[in-house]
Amino acid sequence: MPETPTPAVFHILLSLADQERHGYGIMQDVLERTNNQLRLGPGTLYGTIKRMLEAGQIEELPEREDENNQRRRYYKITNAGKKTARTEAERLEHLVNIARSKKLLPQLKGVR
Amino acid sequence: MNLETKIYQVLLKLYPRDFREHYNQEMTRVFQENLAGEGSSFGFWVRTFWDVISSVFEVQVNTKRGKLMRTALVRFGAVCGVALGFYFTWIGVTSPLFTTPSWIEFVVVTACFVFLFLGYALLRNTRPHALEITGYAALVTSLAINILQLESLQKVGQWFYVFSFLALVFGRSLGVSKRINWHKIPLEAKALMLLTASSAVPLILLQTFHLSWSNVNQNFQGMYTAFFALIQIGTGGIFIALGWAIWSVANQNPDRPSRAQSA
């Protein structure tokens with residue numbers, strides 16, 4: 001059974017799922033998506049990034065300039081990272097479906 | 001460079017050198033952007049310190065040297081477990097804690113554990129090694145109690161030792177609980193577990209009988225204290241068996257086929 005990623009790892013994978021981002025961009029995206037609930041400080045962020053690089057879930061790209069013309073190191077999700085994110089999303093979906101079947105959540109429209 | 005950045009640069013020295021060399025610039029930039037966004041408030045610094053303290057440990061244990069230390073720590077933990085096991089068994093058999101804890105002691109111990117588990121609860125969402133960090137926190141606390149000779153907290157210190165050992169043994173980053181394939185634990189270790197259990201039973205019975213008989217007139221004080229003795233002996237047995245099992249697994253050569261495979 002694959003290891004469940006921590007919320008920090010899962011959120012970073014979600015941030016990188018649709019585009020390449022630099023560290024601060026990831027942090028802002030996570031903060032926005034979680035309504036300021038999950039604030040990844042620089043230590044947590046880069047510590048997690050390092051682990052994810054070692055696990056082959058993300059890839060580091062050569063430095064390039066961002067929208068403010070500052071040189072940044074960008075990160076990109078790998079196939080292994082996508083697989084981890086997908087597995088976790090499916091796990092969460094399964095839990096949500098259970099919650100729906102137990103009437104803890106409303107049924108989706110058009111789904112019987 | 002402003003004062004805030006200088007302070008952060010000092011904090012960054014806590015990280016391993018190779019990590020610093022790679023991420024120093026990026027981390028400082030993110031820090032400065034956060035500072036610009038939030039301002040240098042008290043809350044900002046609390047978050048910053050918390051972020052550094054809680055991530056330094058994880059980064060440190062994941063370096064090459066940290067990994068070597070973890071292996072050494074597993075073995076050290078195993079030895080400590082066996083030693084602690086004998087210690088508890090000895091105490092349980094000879095001179096158990098025959099004093100009923102006072103209400104204040106009970107409250108202090110409970111409060112300490114509440115804080116400990118609160119820390120763990122805060123860490124577990126973002127740290128994969130939350131249990132291990134909590135274990136070290138407990139270990140440091142118990143050592144501090146001993147070093148500072150805080151008599152009134154000695155009992156808390158003892159329980160923190162026990163907790164830290166359990167947390168470190170079962171902590172995920174040490175990976176002991178994962179590395180132990182219980183089916184492959186050597187026969188000797190299983191035998192020792194059985195032996196410990198079988199020898200503990202008569203000891204517990206003797207202790208219970210003796211204590212309850214001698215203290216029967218003291219409002220069942222004997223039964224109560226015998227319960228403590230029982231816990232001590234039981235804890236001792238568990239530690240010995242676990243320590244032995246961990247040591248055996250740590251010494252197993254993964255390249256060598258197991259007995260079952262050879263057969």
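Which residues do ring pairs link into a cluster? They are Tyr8(B), Phe31(B), Phe44(B), Trp45(B) and Phe49(B). Before we visit them, a word on the model: it is predicted, local features need pLDDT of at least 70, side-chain atom pairs count only at pLDDT 80 or more, and totals for chains, interfaces and linings use all residues. Residues are numbered from 1 along each chain as its sequence is written, chains are lettered from A in the order in which they are written, and side-chain values use heavy atoms, with hydrogens and water left out.

Let us begin with the rings. Rings of Phe, Tyr and Trp (its six-membered ring) pair if their centres lie within 6.5 Å; planes under 30 degrees apart count as stacked, over 60 as edge-to-face and the rest as tilted. By this rule there are 8 aromatic pairs over all chains. One of them joins Phe31(B) and Phe44(B): the ring centres are 5.5 Å apart and the planes stand at 45 degrees, so the pair is tilted. This pair links distant parts of the chain, 13 residues apart, with Phe31(B) in helix α2 (residues 17-38) and Phe44(B) in helix α3 (residues 42-61) of chain B. Helices here are DSSP runs (H or I, at least four residues), as are strands (E, at least two), numbered from the N terminus. Both Phe31(B) and Phe44(B) are buried, where buried means under 20% relative accessible area, exposed over 50%, and partly exposed in between (1.4 Å probe, protein chains only).

Now follow helix α3 of chain B to Trp45(B) and Phe49(B), which lie 4 residues apart, about one turn of the helix. Their rings form a tilted pair, 6.0 Å centre to centre with 45 degrees between the planes. Trp45(B) counts as buried because its relative accessibility is 15%, whereas Phe49(B), at 37%, is partly exposed.

Next comes the meeting of the two chains. The contact (heavy atoms within 4.5 Å) takes 24 residues from chain A and 25 residues from chain B. Between them about 2,300 Å² is buried, with carbon and sulfur atoms giving 50%; this area is the accessible area (1.4 Å probe) that the two parts lose on being put together, summed over both. There are 2 salt bridges between chain A and chain B, each a side-chain nitrogen of Lys or Arg within 4 Å of a carboxyl oxygen of Asp or Glu. Glu33(B) and Arg72(A) meet through their side chains in a salt bridge, at 2.2 Å from N to O.
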